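Here are a few friendly notes to read alongside the model. Keep the 3D view open and look up each residue as it comes up.

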Amino acid sequence: MFCSNSVPNVGAPMTDDGSRPQIRFRLAAPVDAELLGTLNSQLIRDEGHRNPMSVSELVERMRGWLATEYEAVIAEESGTVVGYALFCRDPNHIYLRQLFVQQAARRRGIGQGIVEWLIDNVARDVKRLRIEVLVGNESAKSFWKAIGFQEYCLTMELDLPQRHSDQSS
């Protein structure tokens, strides 16, 4: 089902009638898990994430998420999926776990449109949207800062050497 609001895609080329294509948003259904898992694989590759999961594993993980605590919104332009956001609701914030825009559709306001849709349709009763960004993903950090997000927390890790169990005891 399509949600009632759509936004003009201001960066898109004009159509033959001089208008710009509309970006339409719809909430994902369980049947969208395969699509979202495939797009998630592209997101992992594009952002340089170290997640080693295969597309089929990502699809199954997405299916589980959509069946439990997560929801997704899908952005479409002229019937073609151009992006999505995966989020979950918390009493105090919306946690935006994934935001992805197809490479050919980037820098046209689609990512910002998805965030605006979330603010208008999902985040009405909370105080903030929360995201995580990989430290080395400079383009994502620039995007989020450009639309008003501020740094709040830094998660740090220590890679530990492989440990082998002592089989002699």
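1. Helix α2 has 13 residues, and the distance from its first C-alpha to its last is 18 Å. That is close to the 18 Å expected at 1.5 Å a residue, where the expected span is 1.5 Å times one less than the number of residues. Helices here are DSSP runs of H or I with at least four residues, strands are runs of E with at least two, and both are numbered from the N terminus.

2. Before going on, please note that this is a predicted model: local features need pLDDT of at least 70, side-chain atom pairs count only at pLDDT 80 or more, and totals for chains, interfaces and linings use all residues. Residues are numbered from 1 along each chain as its sequence is written, and side-chain values use heavy atoms, with hydrogens and water left out.

3. Which residues of α2 are buried? They are Leu-58, Val-59, Met-62, Trp-65 and Leu-66; buried means under 20% relative accessible area, exposed means over 50%, and partly exposed lies in between (1.4 Å probe, protein chains only). Seen down the axis of α2, the buried residues fall within an arc of 125 degrees, so they line one face of the helix. The arc is taken from the directions from the helix axis to the C-beta atoms.

4. Now look at what surrounds that face. The buried residues of α2 pack against α1 (33-47), β3, β4 (80-89) and β5 (93-101), with contact meaning heavy atoms within 4.5 Å. On the face turned away from the buried side you will find the exposed residues Ser-56 and Ala-67.

5. Helix α2 (residues 55-67) also holds both Arg-63 and Glu-60, which form a salt bridge with their closest N and O atoms 2.4 Å apart. A salt bridge is a side-chain nitrogen of Lys or Arg within 4 Å of a carboxyl oxygen of Asp or Glu, and by this rule the count comes to 8. Arg-63 and Glu-60 are 3 residues apart, so about one helical turn separates them. Arg-63 is partly exposed at 37% relative accessibility, and Glu-60 is partly exposed at 48%.

6. Where in the chain do the partners Glu-76 and Arg-26 lie? Their side chains meet in a salt bridge (2.9 Å, N to O), and this pair links distant parts of the chain: Glu-76 is in strand β3 (residues 71-77) and Arg-26 in strand β2 (residues 22-27), 50 residues apart. Both Glu-76 and Arg-26 are buried.
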